[in-house]
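Please look over the sequence and the model before turning to the points below.

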Amino acid sequence: MFGLEALDLARIQFAFTISFHILFPAITIGLASYLAVLEGLWLKTHDDTYRDLYHFWSKIFAVNFGMGVVSGLVMAYQFGTNWSRFSDFAGSVTGPLLTYEVLTAFFLEAGFLGVMLFGWNKVGRGLHFFATVMVAIGTLISTFWILASNSWMQTPQGFEIVNGQVIPTDWLAVIFNPSFPYRLMHMATAAFVATAFFVGSSAAWHLLRGRDNPAIRKMLSMAMWMALIVAPIQAVIGDFHGLNTLEHQPAKIAAIEGHWENVGNEATPLILFGWPDMKEEKTRFAVEIPYLGSLILTHSLDKQVPALKEFPPEDRPNSTIVFWSFRIMVGLGMLMIFTGLWSLWLRTRDTLYTSRPFLYLALWMGPSGLIALLAGWFTTEIGRQPWVVYGLMRTADASSNHSFMQMSITLILFVVVYFALFGAGLGYMMRLVRKGPKIDEGKETNDGGPGQKRTPARPFSAADDDHIDADHSLTKEI
């Protein structure tokens with residue numbers, strides 16, 4: 001059907017499930033650190049605005065964390081079901097790395113998450129803050145191990161192959177493989193930026209609805225400071241990451257650039273837009289800027305960038321997809337930098353909270369960080385093809401021996417269940433966002449104990465339908 005084979009359906013299923021999953025850890029990473037900052041500022045300044053924001057976002061964090069755990073379990077099972085030959089080949093590397101994540105990050109998060117969510121007014125302020133910080137650190141440790149595993153698949157080292165299986169010989173080399181530092185920084189920063197725009201969009205929505213209070217203003221202010229500072233840093237990290245990819249995965253860079261062949265000793269132009277045609281081996285309708293490709297990728301005006309025709313056709317990534325996924329990521333990144341700069345200009349004019357054009361931009365930019373993150377993952381994963389472990393194992397050799405019918409049924413089931421389950425979860429999370437923080441939410445007299453609507457011990461009871469106006473939906477506003 002549609003020219004697809006069982007392998008194609010297995011890849012689509014993995015891409016579908018990981019696209020859902022990655023959204024939740026990204027927000028979890030950013031919100032955990034945001035909560036730690038909010039609680040720390042409250043303890044330092046005694047400004048109750050920070051406390052109110054903490055209680056508001058802790059509820060959204062709890063829902064997001066739960067969905068991330070559930071969707072993550074599915075990812076682990078797929079390695080054994082749909083990709084058993086990959087697990088047999090490289091499981092001695094990927095298995096221990098994922099185990100290290102459980103032993104360090106997941107246990108740390110699980111141990112302190114209960115104190116963080118249920119312990120307000122039940123433990124001392126210092127201990128509660130410590131628990132929040134530990135949860136934030138746990139999310140970053142989890143990122144460390146997941147990115148170590150994925151980066152090893154991109155730039156494998158520290159191993160030998162014995163009887164058709166990878167045997168680790170140097171765990172430090174396995175973990176700190178050549179692409180790992182860049183991928184770790186790029187992913188962690190992307191999570192912070194995505195969370196900043198999620199928080200900023202929530203604040204903008206409330207301000208546009210006429211709900212202006214210190215908590216909402218603080219949300220927007222903190223989000224825009226993060227965007228102003230971190231979005232440009234992400235661009236710099238991306239540049240270093242690109243140079244590293246050029247060194248270790250030149251075919252991926254050629255596909256991203258839609259660059260098919262070099263002409264003599266001429267510098268490589270940058271193709272801004274076009275349509276890479278894999279069959280015709282050229283980029284149609286190309287809009288080029290001379291020399292700029294060489295300048296960006298080699299930091300010189302005379303060096304050439306590797307071209308796709310330098311690689312056998314069977315070793316070329318799908319340039320049509322990664323060419324555009326990369327440009328979506330970069331384009332959104334430039335919009336993020338612009339939004340941060342505009343917010344700074346508005347601050348100087350004391351109109352940050354009242355400029356409706358800016359607030360509408362901030363509202364629309366809410367999902368931009370997550371979309372950019374997905375586009376980046378598509379670029380790096382599809383750009384690695386046709387390899388599942390770069391240069392060692394092809395994707396076609398990694399999948400389990402399932403029939404087309406089996407893969408079709410499971411893919412349909414995943415689509416139906418995911419949209420029903422996580423659609424409901426996302427809808428509930430948006431209801432929490434629409435309620436917004438309450439300025440009396442964190443008062444000591446109304447914060448703890450069973451049955452209290454505002455207690456952080458019951459995050460899933462936070463959305464009271466009686467207090468939500470159905471006409472004030474984010475969907476209608478957008």
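Over which residues does pLDDT stay under 50? The stretch is residues 441-478, for which the model has 83 contacts beyond four places in sequence. The structure is a predicted model, and the protein averages a pLDDT of 86, with 91% of the residues scoring at least 70. Where pLDDT is low, the predicted coordinates should not be read in detail.

**Nonpolar cores**

- The largest nonpolar core has 93 residues, and those touching the most other members are Trp 57, Ile 60, Phe 61, Phe 86 and Met 219.
- Helix 1, which covers residues 6-45, contributes the largest share of this core, with 18 residues.
- A second, separate core consists of 11 residues, among them Ile 253, Ile 256, Leu 297 and Leu 308.
- When residues up to four places away in sequence are not counted, Trp 57 touches Leu 31, Tyr 34, Leu 35, Leu 38, Phe 198, Val 199, Ser 202 and Met 219.

**The second largest pocket**

- The volume of the second largest pocket is about 1200 Å³.
- Its lining is made up of 43 residues, and His 186, Gly 238, Phe 326, Met 329 and Val 330 are the ones that lie nearest the centre of the pocket.
- By residue type, the lining of this pocket divides into 25 nonpolar, 13 polar and five charged.
- Several elements each supply at least two residues of this lining, including helix 4 (125-154), helix 6 (180-208), helix 10 (319-348) and strand 3 (270-277).
- Helix 7 gives the most to the lining of the second largest pocket, namely 10 residues.

**The enclosed cavity**

- The count of cavities of 30 Å³ or more comes to one, and the largest cavity has a volume of about 30 Å³.
- Glu 257, His 259, Thr 268, Pro 269, Ile 271, Gly 293, Leu 297 and Val 305 line the largest cavity.
- The lining of the largest cavity divides into four nonpolar residues, three polar and one charged.

**Backbone geometry**

- Most residues other than glycine have a negative phi, and most peptide bonds are trans.
- Asn 163 has a positive phi, near 55°, and is a residue other than glycine.
- Asn 163 is placed in the loop between strand 1 (159-162) and strand 2 (165-168). With a relative accessible area of 77%, Asn 163 is exposed.
- Phe 285 likewise is not a glycine, yet its phi is positive, at about 55°.
- Phe 285 belongs to strand 4, residues 282-289, and is exposed, with a relative accessible area of 69%.
- The peptide bond from Gln 385 to Pro 386 is cis, and its omega is near 10°. Pro 386 is found in the loop between helix 12 and strand 5 (387-389).

- Met 393 is in strand 6, which covers residues 393-394. Why does Met 393 count as buried? Its relative accessible area is 9%, and buried means under 20%.
- Beyond residues up to four places away in sequence, Met 393 touches Arg 85, Phe 86, Phe 89, Trp 387, Val 388 and Ala 398.
- Met 393 and Phe 86 are 307 residues apart along the chain, while their C-alpha atoms are separated by 8.0 Å.

**Two residues of helix 4**

- Is Ala 131 buried or exposed? Ala 131, which is found in helix 4, counts as buried, at 0% relative accessibility.
- Leaving aside neighbours within four places in sequence, Ala 131 is in contact with Phe 112, Val 115 and Met 116.
- The C-alpha atoms of Ala 131 and Leu 108 are separated by 9.5 Å, and the two residues are 23 residues apart along the chain.
- Phe 130 is also found in helix 4, but Phe 130 counts as partly exposed, at 40% relative accessibility.

Key:
Residues are numbered from 1 along each chain as its sequence is written. This is a predicted model: local features need pLDDT of at least 70, side-chain atom pairs count only at pLDDT 80 or more; totals for chains, interfaces and linings use all residues. Side-chain values use heavy atoms; hydrogens and water are left out. On a 1 Å grid over the protein atoms alone, a cavity is a set of points where a 1.4 Å probe fits but cannot get out, and a pocket is an open set with protein on both sides within 12 Å along at least five of seven lines; lining residues have an atom within 4 Å of a point. Grid points are joined across faces, edges and corners, and a volume is the space filled by probe spheres set on the points. Helices (H or I, at least four residues) and strands (E, at least two) are DSSP runs, numbered from the N terminus. Ala, Val, Leu, Ile, Met, Phe, Trp, Tyr, Cys and Pro count as nonpolar, Asp, Glu, Lys and Arg as charged, and the others, Gly among them, as polar. pLDDT is the predictor's confidence in each residue, from 0 to 100. Contact means heavy atoms within 4.5 Å. A nonpolar core is a set of buried Ala, Val, Leu, Ile, Met, Phe, Trp, Tyr and Cys residues joined through side-chain atoms within 4.5 Å. Buried means under 20% relative accessible area, exposed over 50%, partly exposed in between (1.4 Å probe, protein chains only).
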